[in-house]
Amino acid sequence: MLEIKNLHVKVGDKEILKGVDLNIGDGEVHAIMGPNGAGKSTLSYALAGRDGYEITDGEVLFRGKNLLDLDAHERAGEGMFLGFQYPVEIPGVSNMNFLKTAVNSLRKYRGEEDMPAVELLKLVREKAKELDLDPEMLKRPVNVGFSGGEKKRNEMVQMAVLDPVFALLDETDSGLDIDALRVVSEGINRLRSPEKSILLITHYQRLLDYVVPDFVHVLADGRIVKSGGKELALVLEKEGYAGIGIEDTAA
Ligand code: ADP
Ligand code: MG
Ligand code: MG
């Protein structure tokens, strides 16, 4: 699904990622944990192709294609969903219209006709219901005035409607109360299937109680310094990053 080889990323003059290697197979759920400032968000922005994140070495293959050659629209069209720590607010665009544009742009990329409006409305309402998002929120501008939990629910609705083959979620659990955490976990778990893969990036172990990963990696100072199974997250919870010999300056 995703193969990251020796990825080096610079932000401004500073090298943040110093050779990241990671292989994610079909159907696998991977978690990347790590202390604050390790480069977790830099990795997600680099995979998203955000401006200002300069790839100085390495390569990334997404389903056999060179990801770094694809623009954001093409990445989405190929089936990648990116969720971020701070979801963007889009004043003036209703949630429903946003989803309509997103769905139809994916379909266009894949050479398909627009989804009929009635079908789209039904799909979006169904996903909103499953994920406990008040249907009234579909009429409101994207994320404007939403609470942290509502933004995350909304992100899960977007993900469910777009039905990606690979989802990367950065700190999707931060600032969530326990109910919202459950909803978000359910959104992620619903996506799990033998054909789909998920990369969760999180500072905390908490989310991994609900979404049990197949593999856990620790990113520190721009490199993956340790990989293991789900038990690695439990070790980190109990002993902290210090337990595996990593300094967490922000802790
Ligand atoms: P994490 O998500 O693991 O907390 P980040 O990827 O956000 O870490 O940050 C990694 C390092 O890169 C930090 O030292 C941070 O200060 C630095 N950094 C991130 N974004 C920028 C930026 N736009 N300009 C300069 N330094 C940055
Ligand atoms: Mg951070
Ligand atoms: Mg971060």
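## Core and helix packing

Among the 61 residues of the largest nonpolar core, Ala 167 and Leu 200 touch the most other members. Such a core is a set of buried Ala, Val, Leu, Ile, Met, Phe, Trp, Tyr and Cys residues joined through C-beta atoms within 7 Å; buried denotes 20 or more other C-beta atoms within 10 Å of a residue's own, with C-beta atoms placed from the backbone. Helix α6 (residues 178-191) supplies the largest share of this core, five residues.

The model is predicted: local features need pLDDT of at least 70 and side-chain atom pairs pLDDT 80 or more, while totals for chains, interfaces and linings use all residues. Residues are numbered from 1 along each chain as its sequence is written, and chains are lettered from A and ligands numbered from 1 in the order in which they are written.

Beyond its neighbours within four places in sequence, Ala 167 is in contact (C-beta atoms within 7 Å) with Phe 81, Gly 83, Met 159, Leu 191 and Ile 198. Of the 251 residues of the protein, 37% count as buried.

Helices α4 and α5 pack at an angle of about 135°, with their axes 9 Å apart. That angle makes α4 oblique to α5, a class that excludes angles under 35, over 145 and from 65 to 115 degrees. The contacting residues are tabulated below.

| Helix | Range | Residues meeting the partner |
|---|---|---|
| α4 | residues 117-130 | Leu 123, Val 124, Lys 127, Ala 128 |
| α5 | residues 148-162 | Val 157, Ala 160, Val 161 |

How values were computed. A residue is buried if 20 or more other C-beta atoms lie within 10 Å of its own, exposed if 12 or fewer, and partly exposed in between; C-beta atoms are placed from the backbone. Helices (H or I, at least four residues) and strands (E, at least two) are DSSP runs, numbered from the N terminus. Two residues are in contact if their C-beta atoms, placed from the backbone, lie within 7 Å. Axes are lines fitted to C-alpha atoms, for helices over the stretch in contact, and angles run from 0 to 180 degrees between N-to-C directions.
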